[in-house]
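Dear colleague,

I am handing over the structure below, together with some notes on its side chains. Please read the notes with the model open beside them.

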Amino acid sequence: MEEVIIGIVVLIVVILVANIKIVSQANQFVIERLGSFRAIWGAGLHLKMPFFDKIVKKVTLKEQVVDFPPQPVITKDNVTMQIDTVIFFQVTDAKLYTYGIHNPMSALENFTATTLRNIIGDLELDQTLTSRDTINTKMRAIIDEATDAWGIKVNRVELKNIMPPAAIKDAMEKQMKAERERREAILKAEGEKQSAILVAEGKKEALIREAEAEKQALILAAEARKESQMREAEGQAEAIRMVQRATAEGIKMLNDAAPSDAVLTIKSLEAFEKAADGKATKIIIPSKIQEIAGLAKGVIETVKDN
């Protein structure tokens, strides 16, 4: 009897231990009792009623990322391409996530594909390739609104890859190549233009400097000539002043000596001799030259006698 009681106690303990559940942080358990919704367990320790309670779903509240495979879509200009999407979502209501829709991930994938086709169908190929941000924003708004009833919050939607057909891709590559060649030609022409401008500016600067140098040289030469002429004029003026001073001093000495008429006559003859030194083409002889000559002869003879 005691063994039966011990066995029953052990069984009860095992059952109780087996029904003790620990919910980790950022997780929730959906509990049903006898097939109907009972509660949602948050993080912590919980005791499940044996045989009556059942954990029907374990839900993580962390943000999740799901990468859907490429979907065929047709643009407004009838170009078929493959686009795959990445969705960042988070479960906000474990009850709605469990009972709102069957297989939420499959529903989310299909709804994403249909939404993508609807949006791309209103755009042409060029718009599709250049309007990723617009497409992402529209898809997030539409999907997030639809998934509110499923307890899902869509945070971001990203177009991962846009894969146009091979023919379109080749045409785009050729267009890009032509555009790069055009830009290269423009840059080359701009470079040559800039180089020509710089060369012309360099020649202009050289001519300006050469003209400035010539002008400076002419100014210096003119200043040198001016300085030379000034010095020459000063020398001539000084020579004239010296001659004048000498003449004045000679006249003064003659005045101081009180020369006789005979001496003055001799000086006159000397002046006449200088005037007739052969450089003059015409000589004017004074009318009294014979008297002066006779007077001079007499003076000379008087000097000899003495």
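This is a predicted model: local features need pLDDT of at least 70, side-chain atom pairs count only at pLDDT 80 or more; totals for chains, interfaces and linings use all residues.

As to the aromatic rings, the count comes to one pair. Phe37 and Tyr99 make up this pair in an edge-to-face arrangement, with 6.0 Å from centre to centre and 85 degrees between the planes. The label edge-to-face applies because the angle is 85 degrees and the cut-off for that class is over 60. The pair links distant parts of the chain, since Phe37 belongs to strand β3 (residues 36–41) and Tyr99 to helix α2 (residues 94–99), 62 residues apart. Phe37 counts as partly exposed because its relative accessibility is 33%, and Tyr99 counts as partly exposed at 37%.

A ring also takes part in the next contact, where the charged end of Arg156 sits over the ring of Phe88, at 4.3 Å from its centre.

On the surface there is a nonpolar patch with about 1,100 Å² of accessible area together, and its members include Val4, Ile8, Leu16, Ile20 and Leu47. The elements α1 (2–18), β1 (20–23) and β4 (44–47) each supply at least two residues of the nonpolar patch, and the largest share, eight residues, comes from α1. Ile20, one of the patch residues, is found in strand β1, and Ile20 counts as partly exposed because its relative accessibility is 42%.

With kind regards

Note on methods
Residues are numbered from 1 along each chain as its sequence is written. Side-chain values use heavy atoms; hydrogens and water are left out. Rings of Phe, Tyr and Trp (its six-membered ring) pair if their centres lie within 6.5 Å; planes under 30 degrees apart count as stacked, over 60 as edge-to-face and the rest as tilted. Helices (H or I, at least four residues) and strands (E, at least two) are DSSP runs, numbered from the N terminus. Buried means under 20% relative accessible area, exposed over 50%, partly exposed in between (1.4 Å probe, protein chains only). A charge sits over a ring if NZ of Lys or CZ of Arg is within 6 Å of the ring centre and within 35 degrees of the ring normal. Patches are made of residues with over 30% relative accessible area and no salt bridge: like charges are joined within 9 Å, nonpolar side chains (Val, Leu, Ile, Met, Phe, Trp, Tyr) within 5 Å. Accessible areas come from the Shrake-Rupley method with a 1.4 Å probe; for residues, only the protein chains shown count as cover. A salt bridge is a side-chain nitrogen of Lys or Arg within 4 Å of a carboxyl oxygen of Asp or Glu.
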